[in-house]
Amino acid sequence: TMQLCEGSGQCYWHSGAWSACNATCGAGFRTRQVWCSSGDATQCAEGDKPPTTKTCEDFHGCGWMVGPWTDCSVGCGSGARTRDV
């Protein structure tokens, strides 16, 4: 015969690898999978559950935005021109 029972050992949380930062220029977040060793999250202590998200910063996609040059400040000779950066 068979009888259902609960194991006497403690269930524990597993966590996967963090994802890449979802931002390419500034603040964003990373995510990961977290699961209970039993497959049933109610059998793991909620207070011990590792976070599934965390903040991050990534700047590899940042770049300068450059506007067009203005006309020269003089029509003849040495002058200056500017642009927004």
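**Disulfides.** I counted three disulfides (pairs of cysteine sulfur atoms within 2.5 Å). The model is a predicted one, where local features need pLDDT of at least 70, side-chain atom pairs count only at pLDDT 80 or more, and totals for chains, interfaces and linings use all residues. Residues are numbered from 1 along each chain as its sequence is written, and side-chain values use heavy atoms, leaving out hydrogens and water.

**C21 and C56.** I found these two joined, S to S 2.0 Å. C21 sits in the loop between strand 1 (13-15) and strand 2 (26-31), while C56 is in strand 4, 35 residues apart. For me, strands are DSSP runs of E with at least two residues, numbered from the N terminus. I looked up the cover too: both C21 and C56 are buried, where buried means under 20% relative accessible area, exposed over 50%, and partly exposed in between (1.4 Å probe, protein chains only).

**C25 and C62.** A disulfide joins C25 to C62. The torsion about their S-S bond is about 110 degrees, so I noted a right-handed link. C25 is partly exposed at 47%, and C62 is partly exposed at 33%.

**C36 and C44.** Their sulfur atoms are 2.0 Å apart in a disulfide. I noted that C36 and C44 are buried.

**Pattern.** Counting bonded cysteines along the chain, I get 1-5, 2-6, 3-4.

Definitions and conventions
Helices (H or I, at least four residues) and strands (E, at least two) are DSSP runs, numbered from the N terminus.
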